[in-house]
Amino acid sequence: QEAEIVRTRDPQRLAGCDVVVDVGGEYDPGRHRYDHHQRSFSESMRSLRPDKPWSTKLSSAGLIYCHFGAQILAGLLEQPEDGPVVTALYDKLYENFVEEIDAMDNGIAPAAGEPRYALSTTLSARVGHLNPRWNDPDQDTEVG
């Protein structure tokens, strides 16, 4: 299917979108609204899928993964969505990749107390390195 990606916070433009991710202040999967920025939001993988053990608060990335990850993996692998291969891969990808994104995006530290060293190669840090520096003459964030 063809899809146009629109980057906006304009409520009128968002209202016309089929799927809205990480903006809009609304979590409503029935209407394909996947934002986690409202104060009332506290969903985790466990709260949305009680068969899963992870209690880290979901970011929009985790919400999309929770709702569509198994379906996408099943299509890529040409395996049944509820089969053992897709289930095992879904769990491993969440535990070893997506959960970190959820935690970092929600400001959840990997451990209690002062960290012993800086984590500068997380996915969030790598994406951040693509943004222009504060003193770059070209502040176009789309270039990175």
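The model is predicted, so to speak with care: local features need pLDDT of at least 70 and side-chain atom pairs count only at pLDDT 80 or more, while totals for chains, interfaces and linings use all residues. Residues are numbered from 1 along each chain as its sequence is written, and side-chain values use heavy atoms, with hydrogens and water left out.

**The helix pair**

Let's start with α3 (residues 60-77) and α4 (residues 84-105), which pack at an angle of about 145 degrees with axes 10 Å apart. Helices here are DSSP runs (H or I, at least four residues), numbered from the N terminus. The axes are lines fitted to C-alpha atoms over the stretch in contact, and angles run from 0 to 180 degrees between N-to-C directions. The crossing of α3 past α4 is right-handed, meaning the near helix is turned clockwise from the far one by less than a right angle.

On the α3 side, the contact (heavy atoms within 4.5 Å) includes Ala-61, Tyr-65, Gly-69 and Leu-73, and on the α4 side Val-86, Tyr-90, Tyr-94 and Asp-102 are among the residues involved. By class, that makes 15 nonpolar, two polar and one charged residues. Nonpolar covers Ala, Val, Leu, Ile, Met, Phe, Trp, Tyr, Cys and Pro; charged covers Asp, Glu, Lys and Arg; the others, Gly among them, are polar.

**Stacked tyrosines**

The structure holds six aromatic pairs, that is, Phe, Tyr or Trp (six-membered ring) rings with centres within 6.5 Å; planes under 30 degrees apart are stacked, over 60 edge-to-face, the rest tilted. Two of them share Tyr-65:

| Pair | Centre to centre | Angle between planes |
|---|---|---|
| Tyr-65 and Tyr-90 | 4.6 Å | 15 degrees |
| Tyr-65 and Tyr-94 | 6.2 Å | 25 degrees |

Tyr-65 lies in α3 and Tyr-90 in α4, so their pair ties together parts 25 residues apart in sequence. With Tyr-94, also in α4, the separation is 29 residues. Tyr-65 is buried at 11% relative accessibility, Tyr-90 is buried at 1%, and Tyr-94 is buried too; the cut-off is under 20% relative accessible area, with a 1.4 Å probe and protein chains only.

**The core**

Note on methods. Helices (H or I, at least four residues) and strands (E, at least two) are DSSP runs, numbered from the N terminus. Buried means under 20% relative accessible area, exposed over 50%, partly exposed in between (1.4 Å probe, protein chains only).
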